Amino acid sequence: MRVSLAIILWLLMSCNAYADSLNYDAFSKIPIQHEGRIKPLATFALVESQRFHGSAEVDHTTATAWLASVMFDPGNAMEKPLFLVKDTDAQSMLNLPAKPDNLYSFAEVTQAIFGNKTLIEPLLEKRPDELSPGQKAVVQLYNDSGAFAQIALSCTLFLPLSIDLPGKPPSPLSTFTDYYHDLPALQESMKSIITHKGTNPDNYSTDELRLSKALETLTMTMESSQNNNLLRVIPPQWSQDDNWLSPWAMFYGGQGSPKTAKLTSLWKQLAAAYRLHDNSQWMQASSQLLHETSTTPGVRPAALSLEVMYYHWSLLDKSMLLYVTGFILILFCMSGLAVRPVRIAALLSVGTGALLHIITILSRIFILERPPVSTLYESLLFVSLIAVSFGLLLEWRLRNNLGLLVATVAGSVLLFASQSFSGEDTMNMLIAVLNTNFWLATHVLCITTGYGFGMVAGIIAHVYLIMRCLNRPADKTRQVLRGGYGTALIALLFTSLGTILGGIWADQSWGRFWGWDPKENGALLICLWLIWILHSRITGHFKERGFAAGLSLLNVVISLSWLGVNLLSTGLHSYGFTDKAAWGLGAFCGAEFLFVAITYIVIWRRDDAKT
Amino acid sequence: MTSNLKQLIHWLARPILLHWLLPYLMVMVVVGTVAQKYIGLYDSQRLFFSSFILWEGYIPLPGIRAISALILLSLVVKLIVASPWHKANSGIFIAHLGVLLLLLGGLVTAALSVEGYATLGKNDHTDSFTDYHKRVLTISKNNHDLLIIPWVDIQKNKAITSPLLPFSFKINDACRNCTMALREGNTPNLKGPAQKVQLVPIKHYLEDESNLAGIEFTLSNAGQDADGIYLAFEPMEKQPAFLYHGDSYHITLGREQYHLPFTLQLLESEKEVHPGTDVPRSYRSVVMVIDGKLQQRVVITMNHPLRYKGYTIYQSSFNANADTQQTQNVSYAIVENSGRLFPYIASITLSIGLLIHLCLRLPNLIKRNNDAS
Amino acid sequence: MLKHKKLIIVATLAVLILALVIYDLSSTSLTMSSDESAKSPELQPVPDVSFTKIDGSTIALRSLAGHKILLHFWASWCKPCREEFSNLLLQIANNDDGTILLAVSGDEKIEDIRKFIAPLMRGFKPIFVSGRVIIAQDPYHQLIEGVFQTYQYPETIVITPDFKMSKKVVGTYQP
């Protein structure tokens, strides 16, 4: 409540609502330390807007523009609908009025939270698995509103403050720091007033009332800013660690320096420009601010710019669309319709998609300075790229549309699967055991490359089964299966090497090469499956159809090992856990089994009829 | 060589063995993995992954160790008697040798490795470490260990006999995970806590480390004062003790202790988090290795353990004080594993073999594809 | 010939394994402790500013280069500042490395500064006279806050002899 009152005070100085006419280019690139790494303000804005609002756009403005409005015009920002509360139980627990868009302003949310304190406090003590979905939503909203308050109050150090003191009339340029050193004297004077006249303001003179109000404003500003440390935009000046500071943390910690004086002055100019809607001053201040902070050790201006572009252009979505387009075009091709132009269009589509895909991954490597395979989301991106690249290579060698088919299917399916994890992807820092580029580069790259080749081999086997069902000539089908066989060999090479490297990494980190951990068992299963079907093919225990069926089911084995083991939520590999996509995975596996069973039976009966 | 033996050898070398063993192995791995969610890693390891026989009711099924042993044998026999040496097969041969080394390494590790932990606070030192799981019953005389009985030998109504024991020791009851309850009935001659409480077996926890073992035993022919029924329970601070002919005997139930041929002392520990987060960035501790005249400071970090005299010491967890969040003590995982090098050698061998095979096969595959297209 | 080739491979591998095992078991060398040197932030350049002394004259900060300088921000109404001031003077007096204390007060009224400093000037006369202690005033905080962004009195910035700011101490100064 104190927090919201403090913010209400800012309403006195809040500027009028206006159409967004400011250029956010430089502002979006200003570095901030968040979640353990230096990122541009645009990414921070995106993360927070996703968190509160569930989308990158707020009220038809970009996340960056929204962030600026919260930082520099908190009074207005707290009145705008922002928090998405879809859970109806949570709405009724907090007595929030039903709304068609389920969006609530900070003012509404804080009022609801304050009014239901006795309900909320016990929930905060419980573990997440002890809460119902509605209760979880309430706790989430409580935490989110706290984060919003942090952002809203982060710049109050240099926003104009309406203080009317006897002998010191209010000035539109005065900020908190102009009155900070008056506080002890004001407190003494107030003590004296209370001693003589009591606490009833009706007994005070005009000057005494002004003094009392001024003191209340200053005290409230101080109290609400005590633990404000979310917006870490001030680089460390004096400390040995690399913790950046929020403006208030710098103030209270005495970490000011000539450099921070310059930065604070620029932030003041930025805030003033925002409130005056002065685009040229805004651009000048934000460019200078960006320039000043870019020279800090650990800040890579090129990485900041690239990250802003990365999220702005969302190349992966375009890539997925191109793969899907390519798939449709290839289907046309394979059904014999207008072959050459359609094939060229398909090639261009997939090629462009692959290019955008590569750019995405290279961007991630450059931004994060590590191999791009440290989270489930990243591994999905990488594996799909391997599969697409190999598909394109296959197409170059065979020129029979098989490679294109493999590339488009693998690309579309895996990128689609990655969408469920993209919301959680904020390019996070790695926990200690993963914080090693050497093992990430060797073990994880190896395993994911193996997954990629394995999926390609699986898709080729699918194509074989469909071709056999459609009674295609034996030499063509045999050629396809040979491709699958070769790919399976490569997959075996990478997965077995990757698995062993994983064991060696485990030996270095945890003291044992093999611990029958679910993730390890998953990797072992892929190797065993490949060894089994390859051996059985070589020794003649599997005929072509049996080998193809086994190779098709490799996709199921890979999916279960890669994603399925995470659903068990047990074991040392506790850094990939998710309960999402369980249904999707189940449906995928079910569909695969059905497909293989049906095609195998059809082929078997046909082969039997021939003999 | 007799013809029967020759037949057996050739049968072992046949590929059909692998063709049927592998799917069975995969099923066991899947079942064992899913079981971990319900019975915990330790029990599932014991039942599925480390066993030779898995009992499904009264039906004995081969465990993963038995299958692995059979595959190993088959591979050895095949390599010796049924692998012709051609340049074209060289890659495969070497790769199989790598697999053989891997399996052998697994065998050596399973047979010989010793794993345990030691928890040290600042400036604490130790020359021993504790097994994670194995419980033992130790009977000591005048502070020297007289008899150490592993848990597998502790069974209900079993008498522990040894020429070293001048009295009779019989286990009335034993539970791998117990809780205490108020004693019912009027059993005579109860000693110590047994007078008030009895042990009740409860369901095993998924985390074996949380399971608390306990036994109830009867001592006889140890003198009127000592004879009686006692309880030995892991969390009990005071374990049973008595005097016999002037000698002091202690009965302790706990985890097995192993001796280290050197002393380890914790000097410093540091947990670094990513700035502005709780996410750990690195764990670092500085220990002193004291071995006779040798005294050396060693830094242990994540992915860089300490290796000395065949022992490898890793940081396992940093335990913080709940109030101050400062690291109170560090738990180290200590492993002695003679088979440690096998996976390294095996992986090198396997990689070489697979690469050779790929290089030899690739031109053929490309040529065939060129011909076909 | 076939058998020999197989034997050669197996024998080579066996020797390799044995060599590695012997090497591993005989290895008693421990990793030397690598105490990573603490990260130190880049030293910041000192702004080119001048302060007004309580006698009215000005002194450029740069004129003190070549000495270690304790640029100390304080105020007479700040209790911790008053408590530690004599300790600071004692440190200067006991230290013969030529360190200079430039104590810049944020007091609005010069009388408040003079009232506080007068007894200390008498007690520590030599270091005042020799110029090793300089008292300055910045009543409008143009330099204290505007340039050095100091708010939490007392704060002390340590300036090295080569005129770089090496560290800042917030609160009571400890060398």
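Residues are numbered from 1 along each chain as its sequence is written, with chains lettered from A and ligands numbered from 1 in the order in which they are written.

**View 1. Packing of helices α3(A) and α9(A).** Helices are DSSP runs of H or I with at least four residues, and strands are runs of E with at least two, numbered from the N terminus. Helix α3 (residues 41-53) of chain A meets helix α9 (residues 133-154) of chain A at about 140 degrees, their axes 10 Å apart; axes are lines fitted to C-alpha atoms over the stretch in contact, and angles run from 0 to 180 degrees between N-to-C directions. The two helices are therefore oblique to each other. E48(A), R51(A) and F52(A) of α3(A) contact D144(A), A147(A), F148(A) and I151(A) of α9(A), contact meaning C-beta atoms, placed from the backbone, within 7 Å.

**View 2. The side of chain B that touches chain A.** Here 46 residues of chain B are in contact with 50 residues of chain A. Helix α2(B) gives the most to this side of chain B, with 16 residues.

**View 3. Confidence along chain C.** The mean pLDDT of chain C is 83. Over residues 31-38 of chain C the pLDDT is below 50. Where pLDDT is low, the predicted coordinates should not be read in detail.

Methods
This is a predicted model: local features need pLDDT of at least 70, side-chain atom pairs count only at pLDDT 80 or more; totals for chains, interfaces and linings use all residues. Two residues are in contact if their C-beta atoms, placed from the backbone, lie within 7 Å. pLDDT is the predictor's confidence in each residue, from 0 to 100. Angles under 35 degrees count as roughly parallel, over 145 as roughly antiparallel, 65 to 115 as roughly perpendicular and the rest as oblique.
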